[in-house]
Each structure stands twice: as C-alpha cells, then as structure tokens.
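Hi,

Here is the structure I promised to pass on. My notes on what turned up in it follow below.

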Amino acid sequence: MNVRAVAAQVIYQVVDQGQSLSAVLPPAQQKVAPRDGALLQEICYGVLRWLPRLESITQSLMDKPLKGKQRVFHHLILVGLYQISFMRIPPHAAVAETVDATKVLKKPQLRGLVNAVLRSYQRNQEALDTAAVTHDAGKYGHPGWLLKLLQNAYPDQWEQVVEANHEKAPMWLRVNRTHHTRDSYRALLTDIGIDTDIHSEAEDALKLASPCDVTALPGFADGWVSVQDAAAQLSINYLKPQSGELILDCCAAPGGKTCHILEHQADAKVVAMDVDATRLLRVKENLQRLQLNAQVICGDARYPADWWQGEQFDRILLDAPCSATGVIRRHPDIKWLRRADDIAQLVTLQSEIMDAMWAQLKSGGTMVYATCSITPQENSEQVTAFLARTRDATLKTGTVDKPGRQILPGQENMDGFYYAELTKA
C-alpha cells in the first residue's frame, strides 16, 4: 500500500481514536513493502512529535476542517506537511505521493484539496512556519499542561527536556554477561563494522553509533545480547541482587529487568509478576531466548494475597505503572494520549502498590522504586509521602530534601528514569 495512506491511517488511530502508536504501527508496517517500513515509522513519529505545529499550518490553509469519514484526509495533509517541512524527500515527490494516497483511501475526489493545501504550503512555507511557532504548543511541540509541568519542575532545564523529547532515541544494547563481557562483545561488533560507545555506570551497556536490525547483532537469537536503554539497565545497580535470594520483579512486563537480574545472579529465585497477561507473553519469550528461568505470575500488585502465598522477598524491584513522560522520544504519542488528571490517578495507584509490596518484603530487605516518568508527583514526592507514613523504611538514594535519583531524557543519551532504593528495618 501507499506509505502515506498507511501513515495517515496510523495517525488517525492514535490522535482521533486514542490508540497507542506501539499497538497500531507494527501491524501497519506489514501493509507496506519491507523497504518502506522505516519510512512509515519516520513519518508517524515525526507527525506526532510536531503535531501542534502541523495542525496550526493546516488550519491556516483550509476554510473549514475535515470531519467524520473525511478525518483521515486531515491526517494525510499532516503527513504531507511533515515530509515537506522536516524530511529530505524532494517536495514534488512528497506532494505527488501524498496526493496519490487519496485513491488508496478511496476518496479520489479529495485529490484536488490535498494537492492545493500542500502546494499552498510550498509557496508560503516561510511565513506559515513562522506563524505556527508564535504559540508555545507549536514552538515546543508539547501540550500546555505538560509544558507547564516541566517548567515548574525543572525551571532551568525544561527546554533541554523538550529538546531531548524531539530527538531520535539511540539504540542501547545490554550484553548478557553469562556469554560475554561488555568489552568482548564490543570487539565482536567492531569486527563487523558496528561502532559503539560505553556508559559510565551501566556496566553491561553499549550504545550503537547507528541503530540496526537485531538480526545483524552477533548471537542475538542465542541470547548474547538484548535491546534495553541504559537508564533501565541501571536498575541492577540499585537492586544489587545476591546469590540464592528470592526476588520479585513487580510490574515486570516485558521482562528486560527480570532477565537482567538473572544474567547477574543465575541462581536467584526470581518471580516476574504483571497484571497484563498479554504482555507477560513477552516476558516468557525473552526468558526463552535468553535461556533463563523465572516464575511468571499474572496478578494485581495491589492485592498480593490473591497471587502469592510464599515467603517474603529479599528484594523487590517495583517498576511502577507511570505516565511514561521520560520515554516520549521513543513514544511521541504519549504527549497526546496522556491527560493532566492522569497523573493524580497514577500517583494513587503507585501509592497503593508501594504499601502492598512493602508488606511482602523481609526485614532487612531492599525495595527499589522505579518509574520511566519525570514528574515529581510520581517520583520524589511519591517517595517522600511513603517515607512519612512508613516507619520502618530507610532511604538509601538521594537525600531527605531530594529523595531518589531523577534521570532526565538525554542525560548521557539515556531515557528519563527515576530510582529510589529503600531498605526495611
């Protein structure tokens, strides 16, 4: 199928229907030629990164908005504008291919409208681009509520966070130390012309100079290496798993951290729990590829009595459900699917899970609270509130004034992440 037509359908499903990009993009990529899969991804990610700017330009060029069954053509226009404004595709080719998509979308009568809007943009691009960034949403590509949250939380850094959210995320690898050291696997990559960088703290991490297909990685099918951001790999530095311990990975899907624990301590007794049975299939797939063993359980973390009757855990990694505002560069749809009132609901859920998991932790045990969020409400404020109501909890990361560690997007090329290590008296 025409790549632009498929891209318009994907954007429509995300923006108008509220579906996740990670859910709708993979099946959409099956509709286009293999060589066009990357182009489809680039267009979809790009439109979602710069949605307010593209919407503003579209409104300036049209007398009235497209509604109802014609809405997908509104998104087709956004697809065309993004190509002309941000991509290296020759404008005439971008216009021609986008206009041709009207036939695939079975509304050839809209061909003239799409063509007129895109050519009008070409003629007046400089003026239209300037007008589109006169408001904050168009300039920064973030919804107002999120921009305000970032400005309040990070008055000196919010612009860097916004800029990092617009960058393409690097590809980080986690070397399976049961097969290779990081340096020996790095040498294998160097031998086949793949350049990498190391991380200052994540001892198993390698950053590829350029992303590649996992099938090009030596031993990927045999479990020598996995794809995981360096920030997520730091969980092992805080959890510090030991031989023979009973360890719970709470909210574990898709299982990257579960596997990392076992790569460090193969004889640990690891339980991977998540509320989503479908996503737990990914945990099992990862364990199988890496030839690791863990007990996989489906359950609600707030009610452990429903799914766990064993002894208390030595260590718990609580990778809590969160707003995912630290991984926007990987999931730009988060900006448009999240709402301001989601944060308060997530804070309540996180609080309930923290209390339930603390009761499952042995005296002297360690719980690591983690999120891929950058909102203080979900992170430092959440931990402060937990410490205030939990007498036998001691903070091991950060200070009373600034509990835990907040990693911001782009910091040493990492995703945004938060960690707080807590021990039980």
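The UniProt record, an unreviewed entry, carries the annotation "domain: SAM-dependent MTase RsmB/NOP-type" over residues 161-425. UniProt positions are given in the numbering used here, feature names are shortened, and such annotations may be inferred rather than shown by experiment. Helices (H or I, at least four residues) and strands (E, at least two) are DSSP runs, numbered from the N terminus.

Before you dig in: this is a predicted model, where local features need pLDDT of at least 70 and side-chain atom pairs count only at pLDDT 80 or more, while totals for chains, interfaces and linings use all residues. Residues are numbered from 1 along each chain as its sequence is written, and side-chain values use heavy atoms, with hydrogens and water left out.

Now the cavities and pockets. Both come from a 1 Å grid over the protein atoms alone: a cavity is a set of points where a 1.4 Å probe fits but cannot get out, a pocket is an open set with protein on both sides within 12 Å along at least five of seven lines, and lining residues have an atom within 4 Å of a point. Points are joined across faces, edges and corners, and a volume is the space filled by probe spheres set on them.

There is one cavity of 30 Å³ or more, and the largest cavity comes to about 40 Å³. Its lining is made up of Arg177, Ala202, Glu203, Asp204, Gln233, Ile236, Asn237, His260 and His264. Helix H14 (235-239) and helix H15 (256-264) are the elements that give two or more residues to this lining. By class, that is two nonpolar, four polar and three charged residues (Ala, Val, Leu, Ile, Met, Phe, Trp, Tyr, Cys and Pro count as nonpolar, Asp, Glu, Lys and Arg as charged, and the others, Gly among them, as polar). Domain 2 (170-228) and domain 3 (230-424) each supply at least three of the lining residues; those bounds come from an automatic or database domain assignment.

The second largest pocket holds about 300 Å³ of space. It is lined by 13 residues, with Tyr154, Pro376, Ser380, Lys402 and Gln406 closest to its centre. Its lining has six nonpolar, four polar and three charged residues.

What about disulfides? The count is zero, taking a disulfide as a pair of cysteine sulfur atoms within 2.5 Å. Cysteine 322 has its closest cysteine sulfur 3.5 Å away, in cysteine 372, which is too far for a bond. For cysteine 212 the closest is in cysteine 259, at 20 Å, again too far. Cysteine 322 is buried at 11% relative accessible area, and cysteine 212 is partly exposed at 24% (buried is under 20%, exposed over 50%, partly exposed in between, with a 1.4 Å probe and protein chains only).

Most residues other than glycine have a negative phi, and most peptide bonds are trans. The bond from alanine 253 to proline 254 is cis, with omega near 5°, and proline 254 lies in the loop between strand E5 (246-250) and H15. Lysine 106 has a positive phi, near 65°, in the loop between helix H6 (91-104) and helix H7 (111-123), and is exposed at 71% relative accessible area. Asparagine 413 also has a positive phi, near 60°; this residue is in the loop between strand E11 (405-407) and strand E12 (417-424).

Cheers
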